[in-house]
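Me: I would like to learn how the words used for a protein model follow from its numbers. Could we go through them together?

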Amino acid sequence: MKHSAREEQWADWMRRAIGGDTQAYNRFLTAVTPHLRAMARRRCEQLGAPASEAEDVVQEVLLAVHLKRGTWDPSRPIGPWLSIIVRNKLIDSLRRRGRRVNVPIEDVIETLEAEPSGDGFDRLDAEHLLQRLKDPQRDIVRSISLQGTSISETAARLKMTEGAVRVALHRALKSLAAFYRSETREDQ
């Protein structure tokens with residue numbers, strides 16, 4: 001297998017760094033960081049992670065390279081070793097993030113606005129409000145908002161696209177807010 005001249009240079013610097021040459025280690029880190037950053041950005045795009053995640057991954061990769069440099073086999077190419085570290089650190093980062101969906105506040109502001117009421121939502125029966133929704137909206141709200149199921153799991157179960165589930169959830173929450181407002185006005 002042929003390795004690029006740049007990777008050969010990186011491998012040479014890393015061998016010397018492992019031997020104690022701090023200047024070679026500095027050259028290695030300076031040269032490899034832009035490559036790691038590009039790789040992290042590419043992987044974030046492929047996996048649907050926010051672009052802001054890439055810089056955190058790069059920092060974690062550099063720390064891992066520093067701590068694990070003794071595990072690299074100098075007789076093997078350095079590129080695949082670095083690639084595996086980037087992949088593993090991105091996976092770790094995505095696991096820490098969990099199954100969060102980031103929705104801009106502007107997209108849901110109407111559903112968040114509520115008129116202040118004296119005794120609040122506690123006196124209303126949530127199930128009564130949910131019954132006013134049509135399926136699959138009712139099922140989507142129960143699944144995501146009450147049971148904590150992810151959008152992707154809900155979409156798979158209902159055989160819908162994730163986008164369709166998001167739209168249905170947004171519309172359902174907007175309807176629930178309107179139902180709530182109308183019931184609180186009737187009770188006053």
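Reply: Helices (H or I, at least four residues) and strands (E, at least two) are DSSP runs, numbered from the N terminus. The model is predicted, so local features need pLDDT of at least 70 and side-chain atom pairs count only at pLDDT 80 or more, while totals for chains, interfaces and linings use all residues. Residues are numbered from 1 along each chain as its sequence is written, and side-chain values use heavy atoms, with hydrogens and water left out.

Me: How confident is the predictor, and where is confidence lowest and highest?

Reply: The mean pLDDT (the predictor's confidence in each residue, from 0 to 100) is 81, and 81% of the residues reach 70 or more. Helix 5 (residues 105–112) has the lowest confidence, at a mean of 60, and helix 1 (residues 5–18) the highest, at 92. Over residues 118–123 the pLDDT is below 50, and beyond near neighbours in sequence this stretch has six contacts in the model. Contact means heavy atoms within 4.5 Å.

Me: Why is Ser143 called buried?

Reply: Buried means under 20% relative accessible area, exposed over 50%, and partly exposed in between (1.4 Å probe, protein chains only). Ser143 has a relative accessible area of 1%, so Ser143 is buried. Across the protein, 33% of the 188 residues count as buried.

Me: What surrounds Ser143?

Reply: Ser143 is in helix 7 (residues 137–146). Not counting residues up to four places away in sequence, Ser143 touches Gly148, Thr149, Thr154 and Arg157.

Me: What makes the meeting of Ser143 and Thr154 a polar contact?

Reply: A polar contact is a pair of N or O atoms within 3.5 Å; within protein, one must be able to donate a hydrogen and the other to accept it, and residues adjacent in sequence count only if both atoms are side-chain atoms. The side chains of Ser143 and Thr154 make such a contact at 2.8 Å. Another polar contact, of 3.2 Å, joins the side chains of Ser152 and Ser150.

Me: Is Ser152 buried, partly exposed or exposed, and how do you know?

Reply: Ser152, in helix 8 (residues 151–158), has 35% relative accessibility, so Ser152 counts as partly exposed.

Me: Why is the pair of Trp72 and Trp81 called tilted?

Reply: Rings of Phe, Tyr and Trp (its six-membered ring) pair if their centres lie within 6.5 Å; planes under 30 degrees apart count as stacked, over 60 as edge-to-face and the rest as tilted. A search of the whole structure finds one aromatic pair. The ring centres of Trp72 and Trp81 are 6.4 Å apart and their planes are at 45 degrees, so the pair is tilted. Both Trp72 and Trp81 are buried.

Me: Which peptide bond is cis?

Reply: The bond joining Asp135 and Pro136 is cis, with omega about 5 degrees. Pro136 is found in the loop between helix 6 (126–131) and helix 7.
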